[in-house]
Amino acid sequence: MTTTGDDRTAGGRQVRLSVRVLGPLEVRRGDRTLTAQELGGPKQRQILEILLLQLGTPVSKDRLVELLWGDRPPAAALQNLESYVSVLRRGLQPGAGRSGPLRTANGGYVMDGAVVDLDLHRFELAVERARRSRAEAAYRLWCAALELASGPLLENELRCEWAEHQRELHGARVVEARVSAAETALELGLHREAVEHARAALAGDRLLERAWAVLVLGLEGLGRPVEGLQAYERCRRVLDQELGCAPSVALQAAHTRMLHATASTGSELGQVLSALLVLHGQAGAPDGLPGDPVPLARHEAATVLQAFLGRTLSPAA
């Protein structure tokens with residue numbers, strides 16, 4: 001790539017930065033990690049973070065003043081802002097002045113995306129590529145995006161409304177990426193991975209029916225119908241209590257399949273479920289294969305349930 005004088009320091013070397021904002025802020029210039037002192041105080045750091053979140057897009061001085069001081073800026077806010085930017089430039093791009101990554105543009109400032117490698121940008125690029133890719137390539141891209149997003153956005157910037165707002169937006173994008181990774185894993189038959197991604201997504205938002213669907217279907221695919229039934233019941237309660245709705249038809253069908261699968265195991269739980277299916281008229285037609293358990297009659301089903309309840313509810317000897 002051809003570089004111009006504007007891309008170089010006084011010593012002729014191009015200034016390039018590698019920046020992490022997913023987790024604690026980290027800025028690297030070459031093989032050197034810049035210290036908090038080199039970046040300046042809290043205001044300088046916040047200016048850098050705001051510009052990084054708008055990588056490649058100029059942010060006006062007025063907008064920066066509003067974000068830094070809210071509705072009560074000091075009288076000399078613009079002068080202070082310009083002074084902070086000057087200090088920040090000396091730390092980020094020594095010898096480059098206004099021609100380094102932090103540039104003046106359109107009455108404001110901009111971080112040049114051509115010379116800044118930002119982890120947030122790589123996360124967003126991986127997400128966009130995953131959405132346009134076939135399942136196998138998409139799954140690798142979803143995993144790469146989630147690996148980048150291992151920490152909260154601007155983890156140490158806790159007292160700024162603008163940072164909290166951006167953190168919430170990014171958190172929602174990460175949860176959506178987890179759901180998409182779970183669905184793609186399920187499509188590829190990677191049931192264990194699908195279950196892991198679904199559980200991680202539900203830890204961020206328990207109202208995601210798409211994640212519940214992957215969790216239930218993934219557990220079914222792993223041959224763990226009892227856990228799948230438990231997950232379905234949690235899903236049913238959450239959707240009913242929080243949204244006033246029932247699980248989807250696909251989830252209800254999976255629930256029925258797992259009931260029958262568990263009922264056919266011959267375990268005590270299987271016998272109880274088999275009895276319940278008979279009493280609720282869901283035992284199915286008597287077309288089983290040779291060697292399958294003989295379906296219970298209704299009076300036998302009632303006897304099984306009575307015996308189970310008697311053992312469960314009787315006081316310990």
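Analyst: Helices (H or I, at least four residues) and strands (E, at least two) are DSSP runs, numbered from the N terminus. The model is a predicted one, in which local features need pLDDT of at least 70 and side-chain atom pairs count only at pLDDT 80 or more, while totals for chains, interfaces and linings use all residues. Residues are numbered from 1 along each chain as its sequence is written, and side-chain values use heavy atoms, with hydrogens and water left out.

User: Where does Gln93 lie?

Analyst: Gln93 is in the loop between α4 and β5, the latter being residues 102–105.

User: Buried or exposed?

Analyst: Gln93 is buried, its relative accessible area being 1%. Buried stands for under 20% relative accessible area, exposed for over 50%, and partly exposed for values in between (1.4 Å probe, protein chains only).

User: What does its side chain reach?

Analyst: The side chain of Gln93 comes to 2.9 Å from the backbone nitrogen of Leu102. This is a polar contact, that is, a pair of N or O atoms within 3.5 Å; within protein, one must be able to donate a hydrogen and the other to accept it, and residues adjacent in sequence count only if both atoms are side-chain atoms.

User: And which residues is Gln93 in contact with, neighbours within four places aside?

Analyst: They are Val15, Arg98, Gly100, Pro101 and Leu102, where a contact means heavy atoms within 4.5 Å.

User: Changing topic: how many helices and strands are there in the protein?

Analyst: There are 13 helices and 7 strands. Of the 317 residues, 37% are buried. Among contacts with a separation of 6 or more, 57% join residues 24 or more positions apart.

User: Which residues of α3 are buried?

Analyst: In helix α3 (residues 61–69) they are Leu64, Val65, Leu68 and Trp69. They span an arc of only 100° around the axis, which places them on the same side of α3; the arc is that of the directions from the helix axis to the C-beta atoms.

User: What do they pack against?

Analyst: The buried residues of α3 pack against α2 (42–53), β4 (59–60), α4 (77–92) and β6 (108–111). Gly70, with a positive phi near 70°, follows α3.

User: Which residues other than glycine have a positive phi?

Analyst: Asn106 is one of them, with phi near 50°, and Leu154 is another, with phi near 45°. Most residues other than glycine have a negative phi. Asn106 lies in the loop between β5 and β6 and is exposed, at 72% relative accessibility. Leu154 sits in the loop between α6 and α7 and is buried, with a relative accessible area of 2%.

User: On to charges: how many salt bridges does the count come to?

Analyst: The count comes to 18, a salt bridge being a side-chain nitrogen of Lys or Arg within 4 Å of a carboxyl oxygen of Asp or Glu. One of them joins Arg210 and Glu176, with the closest N and O atoms 3.3 Å apart. Arg210 belongs to helix α9 (residues 209–221) and Glu176 to helix α7 (residues 161–187), so the pair ties together parts 34 residues apart in sequence.

User: What else does Arg210 meet in a salt bridge?

Analyst: Arg210 also meets Glu183, at 2.8 Å from N to O. Glu183 is in helix α7 and Arg210 in helix α9, so this pair ties together parts 27 residues apart in sequence. Arg210 is partly exposed at 36% relative accessibility, as are Glu176 at 31% and Glu183 at 30%.

User: Which residue forms a salt bridge with Glu242?

Analyst: Arg206 does, the closest N and O atoms being 2.6 Å apart. Arg206 lies in the loop between α8 (191–204) and α9, and Glu242 in helix α10 (residues 225–243), so the pair ties together parts 36 residues apart in sequence.

User: Finally, which elements have the lowest and the highest mean pLDDT?

Analyst: The lowest mean is 48, for helix α12 (residues 268–279), and the highest is 98, for helix α6 (residues 135–148). pLDDT is the predictor's confidence in each residue, from 0 to 100. The protein averages 82, and 78% of the residues score at least 70. Over residues 273–279 pLDDT stays under 50, and the model has 25 contacts beyond four places in sequence for them. Over residues 282–296 it also stays under 50, with 14 such contacts.
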